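Thanks for coming. Please have a look at the structure first, and then I will go through a few points.

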Amino acid sequence: PKGMLLLGVQGCGKSLTARATARLLSFPLIRLDIANLLGNARGESEKNMRSALNLVESIAPAVLWLDEIEKGFAGVETDGSGGGDATMTRLVGSFLTWMSEIQKPVFVIATANSVQNLPPEMLRRGRFDELFFVDLPNAEEREAIVKIQLTLRKQTPAALDLNPIVAACDGFSGAEIEQICNAAAMASVRRASASPAIAQKDLLDALDARAKQTSMQLDELDAL
């Protein structure tokens with residue numbers, strides 16, 4: 001297999017999935033930052049790309065991770081207008097050629113928040129073995145995330161009524177739920193510095209504050 005493309009909302013675990021995949025395969029995880037390959041001299045960027053890919057092959061077996069690939073390859077022509085960045089277009093071409101010709105055991109994982117800015121040739125059948133959409137967590141998954149986050153903070157999930165918490169988290173990503181638990185933990189520390197326990201009110205207040213913040217962000221986006 002050549003690899004997979006993970007598409008989804010920010011904070012839903014795409015990067016965590018990449019790390020977990022490398023761990024399951026018992027392969028080293030190598031993160032390729034496209035921005036760090038760009039150079040000022042003519043041909044330098046392409047040379048850096050070849051060097052990076054040669055290094056990956058020398059380390060193989062390995063998992064090669066490209067995070068937010070649509071930003072890494074920003075500037076590539078996507079609409080056929082011919083207005084794309086020439087250097088970035090050549091980098092994409094070099095990378096895709098390498099993917100199709102690689103003989104070493106390198107599994108490529110790319111994550112993206114949107115496919116709209118990805119070059120069409122990257123989404124053609126045969127580039128990646130699978131394309132997975134990572135959605136917002138459902139009720140069962142939200143409950144599991146809350147329990148994990150509380151346990152990491154040395155709290156007892158069974159001491160709280162999680163049903164209203166889980167219901168109120170509908171539409172939140174895993175990262176946002178983590179932030180809510182962080183805010184609740186900080187509130188409990190401010191309330192009782194000695195052996196603070198997160199109370200139901202701490203979580204509900206943190207949820208309310210996060211909901212208001214999200215509403216403000218949506219209003220700002222609408223204004224744009």
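Which charged end sits over the ring of tryptophan 65? That of arginine 31, 5.1 Å from the ring centre. For a charge to sit over a ring, NZ of Lys or CZ of Arg must be within 6 Å of the ring centre and within 35 degrees of the ring normal.

Some background. This is a predicted model, where local features need pLDDT of at least 70, side-chain atom pairs count only at pLDDT 80 or more, and totals for chains, interfaces and linings use all residues. Residues are numbered from 1 along each chain as its sequence is written, and side-chain values use heavy atoms, with hydrogens and water left out.

Next, strand S4, residues 106-112. Strands (E, at least two residues) and helices (H or I, at least four) are DSSP runs, numbered from the N terminus. Seven of the seven residues of S4 are buried, so the strand is largely enclosed by the rest of the structure. Buried means under 20% relative accessible area, exposed over 50%, and partly exposed in between, with a 1.4 Å probe and protein chains only. On one side of S4, the buried residues are Val106, Val108, Ala110 and Ala112; on the other, Phe107, Ile109 and Thr111. In a regular strand, side chains alternate between the two faces of the sheet.

Now the neighbours of S4. Two strands pair if DSSP finds at least two bridges between them. S1, residues 3-8, pairs with S4 in parallel over five bridges, with leucine 7 partnered by alanine 112. S3, residues 62-66, also runs parallel to S4, joined by five bridges, and leucine 66 stands opposite alanine 110.
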